[in-house]
Amino acid sequence: MTPELQEMFDAALAAHANSHSPYSNYPVGAAVRAGSGKVYSGCNVENAAYPQGWCAEASAIAAMVSAGERRITAVLTLTNGPIMGTCCGGCRQKIREFAELDVPIHACGPEGLRRSFTLEELLPFSFGPESLP
Ligand code: ZN
C-alpha cells in the first residue's frame, strides 16, 4: 500500500470504529482525498427509522464539502466480512458529483486493499454535472 493509500485506509479504519450500525451490524468506514490533498473520512450512521440512515461515503463527502472543498481525487471504503463491499449505487452517484471518471475507488477489508476500480467502472454511462445544459 502506498503512503497515500495508507493514510486513507487509516482514516477510514478510524471512522469504521465509530460506525453507528446497530441494525445491520455492517459497519462501514470511508475516506475521500480532496483536491487540496487532505483526507476526509466518515462512517455509516443508521437510524431506528431505517430510511433516515446514511452511508459512510455520504458522511465523508459531507465533511469534505463542509470544509469548502469540491473535488474528489480518490475514494476508499472499508467493510467487514468475507464478501468485498463496494459503494452502493446512491454513493456512486454522490461521488460522481465531485469526481472525474478516472478517479480510483479502493474497496478494502480490515486486512487491507481488496480491489481497486475507477468511478467509470462502477458507474458507467453516468449522469453528471456536465450533463445539464
Ligand atoms: Zn452508499
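Analyst: Donors are N, O and S atoms within 2.8 Å of the metal (3.2 Å for Na, K and Ca), and since water is not among the atoms, sites may look incomplete. This is a predicted model, in which local features need pLDDT of at least 70 and side-chain atom pairs count only at pLDDT 80 or more, while totals for chains, interfaces and linings use all residues. Residues are numbered from 1 along each chain as its sequence is written, and side-chain values use heavy atoms, leaving out hydrogens and water.

User: Which residues coordinate the zinc ion?

Analyst: Along the chain, the donors of the zinc ion follow the spacing C-x32-C-x2-C. At 2.2 to 2.3 Å, the zinc ion is coordinated through SG atoms by Cys55, Cys88 and Cys91.

User: Is Cys91 buried or exposed?

Analyst: Buried means under 20% relative accessible area, exposed over 50%, and partly exposed in between, using a 1.4 Å probe and protein chains only. Cys88 has a relative accessible area of 36% and is partly exposed, as is Cys55 at 28%. Cys91 has a relative accessibility of 1%, so this residue counts as buried.

User: How many disulfides does the structure hold?

Analyst: A disulfide is a pair of cysteine sulfur atoms within 2.5 Å. The sulfur of Cys108 is too far for a bond, because the closest cysteine sulfur, in Cys87, is 11 Å away. For the structure, the number of disulfides is zero.
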